[in-house]
Amino acid sequence: MTQSRWSLETLLVHAGNDIVKTEPYFATSPAIYPSTSFQVSSPELLDQVMEGSVPGFSYARHGNPTVQAFAHAMARLEEAEVGVATASGMAAIDMALYAACLQPGDRLLLSQDLYGASLNLASTIWTQYGIRSVVADFTDLTQVEDALRINHPKAMFFEMISNPLLKVVDMSSIVELAESYGCQVIVDNTFTTPLMVQPGVLGADLVVHSATKYLGGHGDAMGGVVVGKSVYSERLHQYLKLRGAVLGPFEAWLLHRGLKTLAVRFERQCANALDIAESLAASERFERIYYPLLPDHPTHLTARRYFGTMGGAVVTLEIPGGKDGVYQFIKNLHLVGSATTVGDVYTLCLYPLIASHRNQTPEERRTMGITEGTVRIAVGLEDPQDVAHDILQAMK
Ligand SMILES: Cc1ncc(COP(=O)(O)O)c(C=O)c1O
């Protein structure tokens, strides 16, 4: 079997290891290079490394072997030509927007259901650069096409599963529309991971991840990564050298190690989420349970078409009693923790109103379908029946 034909499960374990390979002893756990600078054997070689004509390392802001091993692994997992890692998911998003070469006066088309901070990044920092954002519901192809026709955006940015209501976007149709209007496509693949979808394979130009979530998987390392077509390589590296939002080598090592168990963790988390969603839906104690594979979810057919039996590892609940009802619910939980993240081994609950979507206006939240009773459960690796039981007892 040639390397290029390895399955994702095999690549998750092996990709990137060769970047830090040494001869004749090859450490089975890849080495960490904490060094901020690298001595180069001759000024001629340093000149070529600095110029970029010869691969190599000179200064950690320009590149570090441990960081490159993780970024290279991500590029292979997404079948991309280039991968560049960053200090956080937000830095990765900012870098992807920079790589798209937006100029003052350009427009950026955003999904209304993007992660809250991504919307804030566009409406605060990128507006200061003269980039105007236009927002559309990406589950509505007519809305997306109208936005493309009227605004001629230079790039669009969306997630395939919305947060927190878990609406699934018909990515192939969106990419087709974008191509017909000459609009670059940037996708945040944090919630789906390459195990559910490889946006680049479906035609996206750039794919970003918050590696802080499922890729690392243990809640102990913050990082991000952008992968994409080679035409973006120069601007991605330029951003990192000049902005300096580099991933640290220790975090890179943890994130790379996380990849090795991603398939077993994420597949189990998705199975647990379905199990919990079905148990909670059967209880009838909630106003609504959102999970992409439940037959009453508005986009469940699209979810089945793209993801088969993997629906992601998030379940969202609609709790009666408004803010007071939610506060009481959170206080009643024993096993499920309260933290503003996803992708950990622990099951964690988040209240979007005071966390991920606190900076959206009530009107914006209403348009997204987020109410005072919406609570997101990021499912971990505990026994799903223990988690379902804890959530049900918290509704007492
Ligand atoms: C979908 C998504 N994208 C990006 C980010 C930002 O990632 P980070 O916190 O690593 O900067 C988050 C964080 O929650 C997220 O949920």
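Reader: How many salt bridges does the count come to by this rule?
Author: This is a predicted model, in which local features need pLDDT of at least 70 and side-chain atom pairs count only at pLDDT 80 or more, while totals for chains, interfaces and linings use all residues. Residues are numbered from 1 along each chain as its sequence is written, and side-chain values use heavy atoms, with hydrogens and water left out. A salt bridge is taken to be a side-chain nitrogen of Lys or Arg within 4 Å of a carboxyl oxygen of Asp or Glu, and by this rule the count comes to six.

Reader: How many residues apart in sequence are the parts that D113 and K167 tie together?
Author: D113 is buried at a relative accessible area of 6%, and K167 counts as buried at 13%, where buried means under 20% relative accessible area, exposed over 50% and partly exposed in between (1.4 Å probe, protein chains only). These two form a salt bridge whose closest N and O atoms are 3.2 Å apart. D113 lies in the loop between β2 (107–111) and α5, and K167 in the loop between β4 (155–159) and α7, so the parts tied together are apart in sequence by 54 residues. Helices (H or I, at least four residues) and strands (E, at least two) are DSSP runs, numbered from the N terminus.

Reader: In the pair that ties the loop between β4 and α7 to helix α12, which is R305, buried or exposed?
Author: D170 lies in that loop and R305 in helix α12 (residues 300–307), so the pair ties together parts that are 135 residues apart in sequence. Their side chains meet in a salt bridge, at 3.2 Å from N to O. D170 counts as buried at 16% relative accessibility, whereas R305, with a relative accessible area of 56%, is exposed.

Reader: How many residue pairs are in polar contact across the interface of domain 1 and domain 2?
Author: The chain is divided into domain 1 (3–260) and domain 2 (263–393), with bounds that come from an automatic or database domain assignment. The contact (heavy atoms within 4.5 Å) takes 39 residues from domain 1 and 39 residues from domain 2, and the rule finds one salt bridge across the interface. A polar contact is a pair of N or O atoms within 3.5 Å; within protein, one must be able to donate a hydrogen and the other to accept it, and residues adjacent in sequence count only if both atoms are side-chain atoms. With both residues at pLDDT 80 or more, the number of such pairs across this interface is 16.
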